[in-house]
Amino acid sequence: MVNLKGDFTLFLSGVEPIENFNAVSSVTKNVLLSYYYIRRRGKDEIEARLKKNRGMKILIDSGAFTFFNDPKYSTKSVEWWEKYVENYVDFIRTHKEHIFACVELDIDSLVGKEKVDEWREEYFHTLEKEGINVIYLYHLDKSLEDFDQLCKKHPYVGFS
């Protein structure tokens with residue numbers, strides 16, 4: 001048995017299938033959902049679950065891990081990605097009362113660092129100004145200076 005000390009919030013993932021969601025929602029109101037899988041399952045289904053489970057808090061992920069591991073996404077155009085990030089941010093805004101935090105769309109290896117920096121400014125910094133927590137991600141192929149800058153600039157930083 002692990003003895004955890006300190007204040008923290010645990011979010012359980014893998015809850016996109018309804019049977020997993022039902023099992024987890026009977027234990028906690030904190031879940032991690034992937035926007036990629038929400039889109040695949042249908043936003044209406046997720047919205048119905050949220051309405052049924054008042055007080056639920058979501059840590060929402062952009063789906064970037066899936067994109068890195070499926071070669072079909074390496075050929076998507078910047079316009080395709082722009083539409084994806086716009087829809088992702090719209091979903092977050094629509095459901096902000098349920099969102100604990102969202103993870104940025106950190107796909108610089110697919111669209112370039114400049115584009116991701118542009119999205120950070122245009123979309124994710126804007127969400128923060130609206131009171132939505134955003135988790136910015138550090139990747140190990142970046143310098144420790146990059147990590148230090150992220151930590152100085154943002155209250156939430158994640159890393160793989």
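This is a predicted model: local features need pLDDT of at least 70, side-chain atom pairs count only at pLDDT 80 or more; totals for chains, interfaces and linings use all residues.
Trainee: Why is Cys 102 called buried?

Mentor: Buried means under 20% relative accessible area. Cys 102 comes out at 0%, so it counts as buried.

Trainee: And what makes Cys 151 partly exposed?

Mentor: Partly exposed runs between the buried limit of 20% and the exposed limit of 50%. Cys 151 has a relative accessible area of 35%, so that's the class it gets.

Trainee: Which residues have the most contacts inside the largest nonpolar core?

Mentor: Ile 60, Cys 102, Leu 105, Trp 119 and Phe 124, in a core of 44 residues. Helix α5 (residues 78-94) gives the largest share, 7 residues. Looking past its sequence neighbours within four places, Ile 60 touches Tyr 88, Phe 91 and Cys 102, among others.

Trainee: What makes up the lining of the second largest pocket, by residue class?

Mentor: Asp, Glu, Lys and Arg count as charged, and that lining has 10 charged residues, with 4 nonpolar and 4 polar. Lys 113, Asp 117, Arg 120 and Asp 146 are among those nearest its centre. α7 supplies the largest share, 6 residues.

Trainee: And the largest pocket's lining?

Mentor: That one divides into 12 nonpolar, 9 polar and 3 charged, around about 490 Å³ of space.

Definitions and conventions
Residues are numbered from 1 along each chain as its sequence is written. Side-chain values use heavy atoms; hydrogens and water are left out. A nonpolar core is a set of buried Ala, Val, Leu, Ile, Met, Phe, Trp, Tyr and Cys residues joined through side-chain atoms within 4.5 Å. Buried means under 20% relative accessible area, exposed over 50%, partly exposed in between (1.4 Å probe, protein chains only). Helices (H or I, at least four residues) and strands (E, at least two) are DSSP runs, numbered from the N terminus. Contact means heavy atoms within 4.5 Å. On a 1 Å grid over the protein atoms alone, a cavity is a set of points where a 1.4 Å probe fits but cannot get out, and a pocket is an open set with protein on both sides within 12 Å along at least five of seven lines; lining residues have an atom within 4 Å of a point. Grid points are joined across faces, edges and corners, and a volume is the space filled by probe spheres set on the points.
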